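Visitor: I would like to learn how to read a model of this kind. Please take me through it feature by feature.

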Amino acid sequence: MEWETFKKLCSSLRYSAADFEKFHKAYSLAEEELRNRNRLSGEPLIRHNLRVAEILVENKSSPEVIIAGLLHNIDEEELIKKRFGLEILLLIKGVQDIKHLQSKNLRLEADLLRKIILTTLKDIRIILIKLAHKIDNI
């Protein structure tokens, strides 16, 4: 998906001009920060972030969730907090926390599940972003 297609999708689902301005601001930052980063397939990482945002838009997520989806692979916490606020930063950090939870040991899976549930209890929107991420990976 390209930016123009994303723009049309947002418009068709009636996101406001103010929301779209925030999306564009987030996309611009993501494009700048992820410019030289690629996925294992060689595809630019920004395309993945844009597809995650697309999935979130299609599911009529809140603007904050969509912005976090656009920014979820960016590690610059202070920059995100300054430009988008603490709420967006906490969503991104929650997604990153789940990303690091992996286990190959069956005994550790219960603890892993507990950590995922605790993260979800903090803000259910974190799981929406992570699910969109996983859907795009499929």
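Guide: We go from confidence to overall build, then to helix faces, salt bridges and a single residue.

Visitor: Where is confidence lowest and where is it highest?

Guide: This is a predicted model, and confidence comes before any detail. Where pLDDT is low, the predicted coordinates should not be read in detail. Here the protein averages a pLDDT of 87, and 86% of the residues score at least 70. Confidence is lowest in helix H7 (residues 106-122), with a mean of 68. It is highest in helix H4 (residues 63-71), at 97.

Visitor: How many helices and strands does the protein have?

Guide: There are eight helices and zero strands. Along the sequence the pattern therefore reads α-α-α-α-α-α-α-α. Of contacts between residues at least 6 apart in sequence, 60% join residues at least 24 apart.

Visitor: What share of the residues is buried, and what makes up the accessible surface?

Guide: Buried residues account for 43% of the 138 residues. The accessible surface comes to about 8,400 Å², and 53% of that belongs to carbon and sulfur atoms.

Visitor: Which residues of helix H1 are buried?

Guide: The general idea is one of spacing. An α-helix has 3.6 residues a turn, so residues three or four places apart point the same way. In helix H1 (residues 3-12), the buried residues are Trp3, Phe6, Leu9 and Cys10. Seen down the axis of H1, these fall within an arc of 120°, so they line one face of the helix. The face turned away from that buried side carries the exposed residues Lys8 and Ser11. The cover over the buried residues of H1 includes H2, H3 and H4. Just after H1, Arg14 takes a positive phi of about 65°.

Visitor: Which residues of H8 are buried?

Guide: In H8 they are Arg125, Ile126, Ile129, Lys130, Ala132, His133 and Asp136. Around the axis they cover an arc of only 155°, which puts them on the same side of H8. The length of H8 can be checked as well: at 1.5 Å a residue, its 13 residues should span 18 Å, and the end C-alpha atoms are 19 Å apart, which agrees.

Visitor: Asp136 is in that list of buried residues. Which side chains meet it in salt bridges?

Guide: The structure holds six salt bridges. In one of them, the side chains of Asp136 and Arg39 meet at 3.5 Å, N to O. Asp136 lies in helix H8 (residues 125-137) and Arg39 in the loop between helix H2 (17-33) and helix H3 (45-58), so this pair ties together parts 97 residues apart in sequence. Asp136 also meets Arg51 in a salt bridge, at 2.3 Å, N to O. That pair links distant parts of the chain, with Asp136 in helix H8 and Arg51 in helix H3, 85 residues apart.

Visitor: Which residues are linked in a network of salt bridges?

Guide: The network links Arg39, Glu43, Arg51 and Asp136. Glu43 is found in the loop between H2 and H3. Leaving aside neighbours within four places in sequence, Glu43 is in contact with Asn38 and Arg51.

Visitor: How far apart are the closest N and O atoms of Lys93 and Glu77?

Guide: They are 3.6 Å apart, and the two residues form a salt bridge. Lys93 lies in helix H6 and Glu77 in helix H5 (residues 77-84), so the pair ties together parts 16 residues apart in sequence. Lys93 counts as partly exposed at 30% relative accessibility, and Glu77 likewise counts as partly exposed at 35%.

Visitor: Is Ile88 buried or exposed, and what is it in contact with?

Guide: For a single residue, read its place, its accessibility and its contacts together. Ile88 lies in helix H6 (residues 86-99). It is buried, with a relative accessible area of 3%. Apart from its neighbours within four places in sequence, Ile88 is in contact with Glu64, Ile67, Ala68, Leu71 and Ile80. The C-alpha atoms of Ile88 and Gly69, 19 residues apart along the chain, are separated by 9.4 Å.

Conventions:
Residues are numbered from 1 along each chain as its sequence is written. This is a predicted model: local features need pLDDT of at least 70, side-chain atom pairs count only at pLDDT 80 or more; totals for chains, interfaces and linings use all residues. Side-chain values use heavy atoms; hydrogens and water are left out. Helices (H or I, at least four residues) and strands (E, at least two) are DSSP runs, numbered from the N terminus. Buried means under 20% relative accessible area, exposed over 50%, partly exposed in between (1.4 Å probe, protein chains only). Contact means heavy atoms within 4.5 Å. A salt bridge is a side-chain nitrogen of Lys or Arg within 4 Å of a carboxyl oxygen of Asp or Glu. pLDDT is the predictor's confidence in each residue, from 0 to 100. Accessible areas come from the Shrake-Rupley method with a 1.4 Å probe; for residues, only the protein chains shown count as cover. The expected span of a helix is 1.5 Å times one less than its number of residues. The arc is that of the directions from the helix axis to the C-beta atoms.
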